[in-house]
Amino acid sequence: MRIRHAFVAAAVAAASALTMTTTAAAAAPAAPANARSCNWIYIGTGAGIHIGGQYVGQVVQLYNNCGTAEAHFQWDETYRQTHNTRVYVDLEGPWGKGRVTASGPTSSKNVDAYVDIHSASPDQWGTYATVNNCMATGTMHDYANGGTLWESQDAWC
């Protein structure tokens, strides 16, 4: 437990310039009540989706000090205004354990999925975003020890 708190404290210090305010889009599930008052930090790096040479958007993983992880997808504004499609955003534990999915159309700027990091064992979560069968893979993070099982990988379709 102390390792996790030390990791979170170190990550908060390293990300002190980053501030995240979560606003749930109409099509996305609402953030857990306790998540709205907690401090959010970025975990790992984001993964972008590119279709036909055009940038579509990016999925990132966030964590708050209340024990909630978030998969956050943000559409590229140009793509969003010129296409009518959906994104599927996932938080998934290793080997498919504890999968949480949210989806949203291009009419919503952001699409978010949330999970309690302890809802699957081990406490490891990865983020994914899929648009038109093109999937970007975000960071797979181990919340028990602060490690990264794999880094993000952009999708080029």
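# Disulfides and burial in a predicted chain

Q: What makes Cys38 and Cys66 a disulfide?
A: The sulfur atoms of Cys38 and Cys66 are 1.7 Å apart. The cut-off is 2.5 Å. The pair therefore counts as a disulfide.

Q: How do you know which hand the link of Cys38 and Cys66 has?
A: Look at the angle about the S-S bond. For Cys38 and Cys66 it is -80°, and the link is left-handed. The two cysteines lie in distant parts of the chain, 28 residues apart. Cys38 sits in the loop between helix H1 (2-14) and strand S1 (40-51). Cys66 sits in the loop between strand S2 (54-64) and strand S3 (68-75).

Q: Why is Cys38 called buried?
A: Buried means under 20% relative accessible area. Cys38 has 8% relative accessibility, so Cys38 is buried.

Q: What makes Cys66 partly exposed?
A: Its relative accessible area is 37%.

Q: Why does the disulfide of Cys134 and Cys157 have the hand it has?
A: The torsion about the S-S bond is about 90°, so the disulfide of Cys134 and Cys157 is right-handed. This pair also links distant parts of the chain, 23 residues apart. Cys134 belongs to strand S8 (residues 134-142). Cys157 belongs to the segment after strand S10 (155-156).

Q: Is Cys134 buried or exposed, and what decides?
A: The relative accessible area of Cys134 is 1%. Under 20% means buried. Cys134 is therefore buried.

Q: Why is Cys157 called exposed?
A: Exposed means over 50%. Cys157 has 51% relative accessibility, so Cys157 counts as exposed.

Q: How many disulfides does the structure hold?
A: Two.

Q: What pattern does the chain follow along the sequence?
A: The order is α-β-β-β-α-β-β-β-β-β-β-β. The chain has two helices and 10 strands.

Q: What share of the residues is buried?
A: Of the 157 residues in the chain, 50% are buried. The chain exposes about 7,700 Å², and carbon and sulfur atoms supply 52% of that area.

Technical notes. Residues numbered from 1 in each chain as written. Predicted model: local features only at pLDDT ≥ 70, side-chain atom pairs only at ≥ 80, totals over all residues. Heavy atoms only, no water. Helix = DSSP H or I, 4+ residues; strand = E, 2+ residues; numbered from the N terminus. Buried < 20%, exposed > 50% of the residue type's maximum accessible area, 1.4 Å probe, protein only. Areas by Shrake-Rupley, 256 points an atom, 1.4 Å probe, with all protein chains shown as cover.
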